[in-house]
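Dear colleague,

I am passing on the structure below, together with notes on what turned up in it. Please keep it open beside this email while you read.

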Amino acid sequence: KNTFDPFDLNELLQELPRKQKEVLWERLTQLLTETLMENPVETWQRIEDNESNNDMEVEIVPEMKQTVAVIQGVTAVVTASIPAVDESVNYKALLECVFILNGILPALPESEKILQGAIQHVCEMWWEKGLEGKEQLGKTLFVILLRKSLNKAATGADIVRLWNLHQTLLCFDYDSEESNEVKDLLLQCFMSVKHIKKEEGRRFLSFLFSWDVNFIKMIHGTVKNQLQFFPRSLMEYISEVYFRAWKKVSGEFLEILEHNCIQDFMHHGIHLPRSSSVHSKVREMLSYFHKQSKVRQGIEEMLYRLYQPILWRALKARNSEVRSNAAFLFVDAFPVRDPSFNTEEMDNEIQKQFEELFSLLEDPHPVVRSTGILGVTQITSKYWEMIPPTILADLLKKLTGELACDITSADVRCSVFKCLPIILENKLSHPLLEQLLPAVKCSLHDNSEKVRVAFVDMLLKIKATKAAKFWKICPMEHLLTRLEADSRPVSRRLVNLLFNSFFPVNQPEDVWCERCVTLIQMNSAAARKFYQYAYEYTAPTNIAKLMLTIRRCLNACIQKAMKESLHDSDDDDDESEKENTSVLNNVLSINDVASMASLLEITVILWRSIHKALDHNEDAKDYAIRKFASVLPEYFKVFKDERCMTPLVILASFMPPAAIPTFSCSVISRLRNIDNGADQSKYSTLIDCMCRWGQVGHIMELACDWLSDTLTPRKNIKTSERRVRIHVTQESKPELAIDYIEYLLTHPVNRSCLLSVPKKKLKKLLKILSAAKEVLGSILKANDGGSGRCNQATGLRAFSLFCRLSIHLQNKFSEEEDCLSLLKETGAWIESQVVPFILASDQEDGISKYSNVSELIIQAYLTVCKDVIMVGLGNLTFQAHLLDMALSVIQTERGGFCAPVVLYALKEIIEASLTQNTETDEVANLFHAVQTVFQKVLECVARTLKKQQEEGIQLIHSIQMPLGEFIHAVQCWHSSCSAVHQGVLSTLLAAMVAEINNVLQKASSEKVTIPKTISDLPPLSSSLMAIIMKSVNVARSFLNELMECILSEEIEGVFSLTAIVCIVIIIKGKHKTSLLKDIAPAIQRKLITCKDAAAEESSSTGR
């Protein structure tokens, strides 16, 4: 042999004579034994620990390294020797050597991974070779690989190695103590996603069912416990493990697996509540077996046998959820039969199951009926050819004739239309369904949206499968009526259904326009809705083409009208007329205002629907603008009807003002010429248009001119000659100016445009509006109730607008200055100039002639302040200022006018306090003020009721809603503002007790009737009780407060206690008696005390 060839240990060992092999193996064993005697493996771990503490590093490490090197060498030789072992060789020495290596394997430290791997490989080779002692080696290696496969760092290869050694499990005695650890590790495999997902892992898991009968039960228990943590995606894999195990095992193992595992899943599939997280997973596992029954032999018989004792009984159970679950399994497994049945037995069984299906459709519970509907549709679709025609007809008539009109459950009606498309998958069903479905056309108008959605989805399926003409099932008039009126989910589907009918993209564009006109004439509102959603079902290019085709159509109509007006009967070859001849022939005329307006509206709708696409394609946008800008002036001349003007103005707003100079220059004059008091629709589109063009400043100038003429007329002297001339020739319209500014402030897009104008202009507008204070002040002081050219209503609206605008400016320029200061100054003006008029009216016999103005000013101001707090702009100081003013007004004789807005403000303050640290003194003082103001509000109502009952009852009605909202807010956030909660409830109780007490005292001389219902109570108490009774939580808190008052002896006297009894009786009539279990004895004790005190007083008087 060439000395330069590489050394090959395997080849050398193959060529060695038998005797030399045996000697080599004996020497190997001797070397290994001596090495381990000198340096036992058990000490290596201690050395590692010492190394970590840097002790004795120099002396010990070389010894350990040498030992490891020797063991690695021995292992290498053993590895090479195993293939050389055969029956003629005595390999006892090699066996002893391998056993020693196997013995040290568990004791090796973690750091010796290479050596561990080499020894494991030796054991693996020994097992695969099937040599003597393989069981012992296999068991050690099996446990090591089992542990390794369960590590977080385990790979698929580790699971494959474990599977290759799976037969070693049979070497373990199930009942021995050494198997306990193995059992725990094996059960952990059923919790490991890696094992479940890997093919070899699933083979291994299914093999474990064949180890021992008792272990099957342990496996099943582990799987059941883990189901709640497994995702649904693993269910098919787990089902596959059970299924493979079922195929492999036999005898007692099979019996246990079927009855303790599969039938147990069946039982849980029926009896678990649907709300359980495990229910759907169990159902999925059973569905896996149901699917296998159609393709694998033996499964069908097993399912029939295992379902027999539980399924049919469950279908008749009292519990509707059990019936529903059983129905689902029955339907999923249908037909549940034994293949060994003869023809007669099979027919009887199937007939019985069809009867079960019919009974499901007639079940009293809607969920069971819905499950039955799903089952019937699935079964008829799948087995159409096998089911007798009479049964098919009966089942489908039951669905379409009865269940589609089930008045007791929208879910059942919805199920019918959700499930009928399943039958449509089978083409053989189409002729029968074509006959039956027209009967359900009225379901398109079902009062439940989900039923309508399901119905239209069914029509879409009919259209897709070409089962029938959808308009024969549901007439076009019905579809368009529904499209006109219905919500987005239904409308979008209807557009999808009708799209090809009214927007046939495969045909010429003129046909699109013809269909558009047809749709308008059938139902113009539906046409608008159709084109609103059309962009979802076609490309923006097609939408743009339709817009331009409608433009050509309108142009042709105008041309035709012009020719008719000129009495021109010549048949010219005018190009624009040619374009739309098909549409124009005796169909359209500019005199048909409705059609013209609809076409213009649809053009606007189409443009809006693709505005984003146009913004991304400048060329297309410029082309569309150019085309429409060229005809828009003519459209404004021809289409003068108001309904046409609105879409034309909107269309103009899509274009730059320079593209349509004639119109863009006329907008401000149009706004100037609108009459005072005009409806919003007259000016809204014009203002929107100006905002889109960025010309809101012109509207502001116009409004400022009109308002300054009225609110600050003296300033007109200083204006230029040109402006004076305008004011002379043009009437000032302050009411319209306020309408314009209010419209701008009310709509978010317009508001942002208004607030984006230069600050100087906004300040000017604010200054002009602030003059409303002077105007209102003069109205209050004037003898004639007027002030020059500004009436009271305009002054009040301008004042309210001033307050609102000042807040918007605060939000806009909050970093630069405190615009809230304007609102505070306004508050100071009200307290000094307006509130005195309220006080003055209190001192007069009648109502002051101007007190109404002062009331409206205060109401307007308080409303704005309430809104400031609602949007989070009012700080604690501002809230305290508001409460002070509210308190000063509500305490006046006629302060009731502001009670509703004050209660709304209190509610906003409570909700705003949630963002504050409620433990500060400032917040505590604010909460105290809230309680005080609330108490004064109720006192004001009681006072008004006492003096003028009719006015008091009106006031009670006006505060009903704000009071309810305030009490609800206090209850919701009682944990954050417990002091307010307790104070409010205490005030409510005191007000009711005082009023009922008063009524009882007045009636004490007559026969007293105890109120039994809310309506029997006096007005204020009735209103308060109605609010309290709306919420169980409020009622509970109110009763707790009532109990506290009884125990603390705050409620004394027989009349007050009688009032408490009245309240408790009414609450008892509406709420559970458990709320009252402690109060009744407490009241009884108090009444006995009162009785004893009265008896004692009577006896002392007698003495």
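Are arginine 413 and aspartate 446 buried or exposed? Both of these residues are buried, and their side chains meet in a salt bridge with 2.7 Å from N to O. The pair links distant parts of the chain, since arginine 413 belongs to helix H22 (residues 410-424), whereas aspartate 446 sits in the loop between helix H23 (430-436) and H24, 33 residues apart. Please bear in mind throughout that this is a predicted model.

Salt bridges

Glutamate 425 is exposed, because its relative accessible area is 53%, and lysine 461 counts as partly exposed because its relative accessibility is 22%.

Another salt bridge is formed by arginine 452 and aspartate 486, whose closest N and O atoms are 2.6 Å apart.

Where is lysine 466 found? Lysine 466 is in the loop between helix H24 (449-465) and helix H25 (470-473), and it counts as exposed because its relative accessibility is 72%. Its phi is near 55°, which is a positive value in a residue other than glycine. Together with Lys427, Lys469 and Lys472, Lys466 forms a positive surface patch.

A mostly covered helix

Helix H16 (residues 299-307) is mostly covered, with seven of its nine residues buried; these are Ile299, Glu300, Met302, Leu303, Tyr304, Leu306 and Tyr307. The buried residues of H16 pack against several helices, among them helix H13 (235-248), helix H14 (251-271) and helix H18 (320-333). In the loop between H18 and H19 you will find proline 335, which is joined to phenylalanine 334 by a cis peptide bond with omega of about -10°.

Threonine 603, in helix H33 (residues 593-609), counts as buried because its relative accessibility is 1%. Not counting residues up to four places away in sequence, threonine 603 touches Met547, Ile550, Phe628 and Leu651. Threonine 603 and leucine 648 are 45 residues apart in sequence, yet 9.5 Å apart in space from C-alpha to C-alpha.

Arginine 692, in helix H39 (residues 680-692), is exposed, because its relative accessible area is 54%. With residues up to four places away in sequence again left out, arginine 692 touches Ser653 and Phe654. Arginine 692 and proline 657 are 35 residues apart in sequence and 9.7 Å apart in space, C-alpha to C-alpha.

With best wishes

Methods:
Residues numbered from 1 in each chain as written. Predicted model: local features only at pLDDT ≥ 70, side-chain atom pairs only at ≥ 80, totals over all residues. Heavy atoms only, no water. Patch = residues over 30% accessible without salt bridge, like charges linked within 9 Å, V, L, I, M, F, W, Y side chains within 5 Å. Areas by Shrake-Rupley, 256 points an atom, 1.4 Å probe, with all protein chains shown as cover. Salt bridge = Lys/Arg side-chain N within 4 Å of Asp/Glu carboxyl O. Lys, Arg positive; Asp, Glu negative; His and termini not counted. Charge placed at Lys NZ, Arg CZ, Asp CG, Glu CD. Helix = DSSP H or I, 4+ residues; strand = E, 2+ residues; numbered from the N terminus. Buried < 20%, exposed > 50% of the residue type's maximum accessible area, 1.4 Å probe, protein only. Contact = heavy atoms within 4.5 Å.
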